[in-house]
Amino acid sequence: MSRLIVISNRVSAGGGAQGGLAVALSAALRANGGIWFGWSGEVTDHFTGHINFQRTDGVATATVDLEEQDVEEYYNGYANRTLWPLFHYRIDLAEYERSFAGGYERANQRFAETVLPLIEPEDVVWVQDYHMIPLGRELRNRGIKNRIGFFLHIPWPPRRLLGTLPEAAALVETLFGYDVIGFHTQEWLDSFVDFVKAEMGATVDESGVVRCNGRSVRLVACPIGIDASAFEEMARGLTARRTYEKVRASLVGRALIVGVDRLDYSKGLEERFLGYERFLEEHPEERNSLVLLQIAPPSRGAVESYQRIRSTLEGLAGRINGAHAELDWVPIRYVNQGYPRDVLAGVYRAAKIGLVTPLRDGMNLVAKEYVAAQDPDDPGVLILSRFAGAAEQMPEALLVNPYSAEELSDALQRALRMSLTERKMRWSAMIEDVRQRDVMWWLESFRECLEADVSADGTVTELNRSVA
Ligand code: GDG
């Protein structure tokens, strides 16, 4: 197999303490050689393009510092204040500034310039996520002929929303620098096709190849998974067991509902709290018999909309607790810090209900982790937003509209009353898929597409049959 060059905004090479994506990419880099390239996370006075090479757990990494203006315009600006809200359907929060767009282009040119000498002719290049949409085109402009793939980890927005971005068509046009573009779901892929057909006059053939202005790119829906077997094992391990005991003891017989999300407005935390509040009001008899534990480590604190969501949630949790708490019971435990993965595994296992209700999510790995951590003899119930990419793969979850407090309340009631037989039936179907389409499956499926032989007429001769 060819060497792999992974390019992403941040580099998180390493071992089992990391999330599934880092584990899978690290494994591929270890097995076939290659380099993981990206921003170091450090800021320098002036951009120099100096590369810091390291080897972390057998994985070669190459990182570059960015200057302050790049971080402001490219990262805090275009990536987090323009593309993230827009791609999560929040045009009310999206900021359209020419300086952000310019900084994004400049940073991507700098990444391309810096990584260029590291790419050898037979390498396969794989660019990750919305921070780096134009990178493939920048590499092509510098003469790179290698196979280059792009994977989008977040949703692709509907055409009319994307159309509000002043430079939408020019940005999308750069994606034709890639050989393959991967999305988590058919829905995101279809939205992409809708845009390029309607706004750019593209045509699409049956094998998923899109043609536009003499260029073509192959599209694939390829859902990411977790490192399922490792997570299942972690949930049975010592730290998880201790956490389980500790959490259970603190509940004194009450049922635990758990939410684990980065503190982000796309995750529907405010709506989740309102749904829970509704439940407490509609079912006073259930008060004192359950607890919602929301773990929400802060993220992107430099961006104002993230500061706002933080204070909104603090206010809401305070209000609900103030209205409903009793001497020996607090309805919401709201925790603003992160925990190691093996601790999380124990918390998931201790929870009768996993509440995963993003307003919009590319996939959502917490849903899969919750399922993987369950006790097969007494599994909990997953309540999942129908607007998470994961819903396409997990129809056996209790699917809800996260905007509706009533639906959330009904789902909580149903989950609390669900028989063991039904819980087992739903869980068995979900865990089978979580195990089968795990993160290695995702990596290999995408890679197979990327390395497939494409003839001059665009026919892919070596397709991965199992890709959705
Ligand atoms: C993007 C897309 C897509 C959370 N709290 C802690 C912690 N986490 C871990 C979870 C999970 C990961 O972070 C979050 O993954 P998600 O998939 O839920 O969401 P995003 O971060 O928004 O990721 C998403 C994903 O990319 C992959 O393509 O699924 O749709 O938005 O693994 O467990 N981990 C630790 N401590 C915490 O407190 N260690």
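**Exercises: the ligand and its surroundings**

The ligand sits in the largest pocket (more than half of its atoms lie within 2 Å of the pocket's grid points; a pocket is an open set of points on a 1 Å grid over the protein atoms alone, where a 1.4 Å probe fits, with protein on both sides within 12 Å along at least five of seven lines). This is a predicted model, where local features need pLDDT of at least 70 and side-chain atom pairs 80 or more, while totals for chains, interfaces and linings use all residues. Residues are numbered from 1 along each chain, and side-chain values use heavy atoms, without hydrogens and water.

**Exercise 1.** Find the residues that surround the ligand.

*Solution.* Step 1: count residues with a heavy atom within 4 Å; there are 20. Step 2: pick out the closest, which are H153, Y339, D361, L365 and E369.

**Exercise 2.** List polar partners of the ligand's oxygen atoms (N or O pairs within 3.5 Å).

*Solution.* Step 1: a polar side-chain atom of E369 is 2.6 Å from a ligand oxygen. Step 2: L365 uses a polar backbone atom, at 2.8 Å.

Methods:
Polar contact = N/O pair within 3.5 Å; in protein donor to acceptor, adjacent residues only side chain to side chain. 1 Å grid on protein atoms, 1.4 Å probe; cavity = no way out; pocket = protein on both sides within 12 Å on 5 of 7 lines; lining within 4 Å.
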